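Dear colleague,

Please find below the sequence and the structure for your review. My findings follow directly after them.

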Amino acid sequence: MKNLVVLGAGTAGTMMANKLAERLDADWAITVVDRDDVHLYQPGLLFLPFGEYSETEIVKARSPFFPSRVKLDLSGITKVEADAKKVHLGSGETLSYDVLILATGSRLVPEQTEGLTGVGWHETAFDFYTLEGAMKLRQALDGFKEGRLLVNFVDLPIKCPVAPLEFVFLADAFFTRRGLRDRVDITYVTPLDAAFTKPRASQAFGSMMEQRNIALETSFAIEAVDGQKRVLRGYGDRELPYDLLVTVPLHSGSEAIVDSGLGDELGFVPTDKHTLQTEAYPEVFAIGDATNLPASKAGSVAHFQAEVLIENVMRFIDGRELDEGFDGHANCFIETGHGKAMLIDFNYDTEPLPGKYPLPGVGPFSLLEESAVNHWGKLGFKWMYWELLLKGKELPVEHRMSRAGKWF
């Protein structure tokens with residue numbers, strides 16, 4: 001019996017386990033390792049602070065999403081001994097593997113920003129990338145009547161790079177509905193020199209902010225947070241006062257990856273950006289947020305990677321050449337408030353372009369353009385996530401970025 005082990009039962013790990021259960025023959029045992037039986041629909045955390053989703057809608061048990069031939073081990077991971085092809089579990093036992101897939105995701109490390117987790121943490125300064133942070137932020141927003149709201153991310157890479165932008169647009173709509181918008185000053189603070197990393201999309205977002213009276217502070221490298229004085233301090237003596245701070249903290253790779261010496265300086269796994277094979281060990285592959293790839297850390301990217309990775313795992317087992325098939329494809333619905341959303345579609349080499357998606361010239365979704373249909377597409381993705389994506393079902397979307405239907 002040969003062993004294939006998946007570390008991590010999040011989006012990427014669950015998809016891969018389900019796809020592998022369909023493809024691998026009975027000579028292979030499949031084991032997925034994680035530390036608890038709680039699966040979080042992370043895109044839902046954006047809506048939780050505004051009362052648009054409930055906790056029960058975005059949290060489910062992991063175990064029902066795996067078929068019977070997949071063993072789910074919830075003892076956790078302490079270390080990977082890659083030279084010996086072994087995983088050390090939290091139970092003290094070891095697990096040998098012939099093929100290993102690292103789907104260990106990323107974690108928030110707010111303590112690495114001076115002062116952020118000190119005075120005011122989860123009282124006047126919040127994250128919304130954790131369930132605890134999003135729930136406490138909902139209470140704070142409910143009682144916030146006036147003042148200065150700062151929304152920022154400390155630095156890239158982060159999970160879902162568009163989420164902080166979405167938050168400012170949803171905050172604008174939230175306070176407008178409550179008749180408080182003229183009493184709340186909203187400022188988006190970014191270390192980038194523009195609203196987003198991709199020029200065309202950045203121009204669109206910047207224009208929308210200007211139209212909605214959302215201030216933009218660019219090239220702001222955070223030095224510290226002074227929770228006592230409620231000041232965001234940047235290098236170069238820049239200071240921004242706040243009444244409410246919503247931040248996306250620094251991200252790092254899994255502690256197990258760091259402790260195993262498998263990560264780079266940020267704890268992410270050096271990975272071939274086209275084949276998803278790790279650079280150090282041919283029998284070890286990586287997917288999703290765990291990688292160091294120059295692609296968005298988002299669910300859509302993990303989905304497109306999975307389509308390539310399943311084929312490459314089978315090729316590796318058969319001793320065949322790997323397919324350099326992942327092109328960095330990402331598409332993201334971006335909530336812009338007031339019942340509308342925008343959609344962007346891009347890859348390593350091509351920035352977001354206007355057009356129609358997924359059917360060229362038809363849509364129904366519009367690229368780089370606000371629409372109500374895009375908004376319903378964003379909301380409808382939650383059902384697709386639980387019922388199709390996690391279960392490894394095929395979706396009618398090509399994993400490679402298509403240029404058809406886009407305007408150059």
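In this predicted model, helix α1 (residues 11-23) and helix α7 (residues 299-318) have axes that come within 10 Å and cross at roughly 35°. The crossing of α1 and α7 is right-handed. On the α1 side, the contact involves Ala12, Met15, Met16, Lys19, Leu20 and Arg23; these meet Ala302, His303, Ala306, Glu307, Leu309, Ile310, Glu311, Val313 and Met314 in α7. Sorted by class, the contact of α1 with α7 comprises 10 nonpolar residues, one polar residue and four charged residues.

I then turned to the sheet. Five strands, with parallel pairing, form an open sheet in the order β5-β2-β1-β9-β20. Because β5 (70-73) and β20 stand at the edges and each has a single partner strand, one side of each is left without a neighbour in the sheet. On average, neighbouring strands of this sheet are turned by 20° against each other, direction ignored. Within it, strand β1 (residues 2-7) runs parallel to strand β9 (residues 99-102), and four bridges join the two. Val5 stands opposite Leu100 in β9.

One loop residue also deserves a note. Thr275 lies in the loop between α6 (255-259) and β20 (284-286). Is Thr275 buried or exposed? Its relative accessibility is 6%, so Thr275 counts as buried, the cut-off being under 20%. Apart from neighbours within four places in sequence, Thr275 is in contact with Phe285, Asn312, Leu322, Asp323 and Glu324.

With kind regards

Key
Residues numbered from 1 in each chain as written. Predicted model: local features only at pLDDT ≥ 70, side-chain atom pairs only at ≥ 80, totals over all residues. Heavy atoms only, no water. Axes fitted to C-alpha atoms, helices over the stretch in contact; angles between N-to-C directions. Left-handed = near helix turned anticlockwise from the far one by under 90°. Contact = heavy atoms within 4.5 Å. Nonpolar A, V, L, I, M, F, W, Y, C, P; charged D, E, K, R; others polar. Buried < 20%, exposed > 50% of the residue type's maximum accessible area, 1.4 Å probe, protein only. Pairing = 2+ DSSP bridges.
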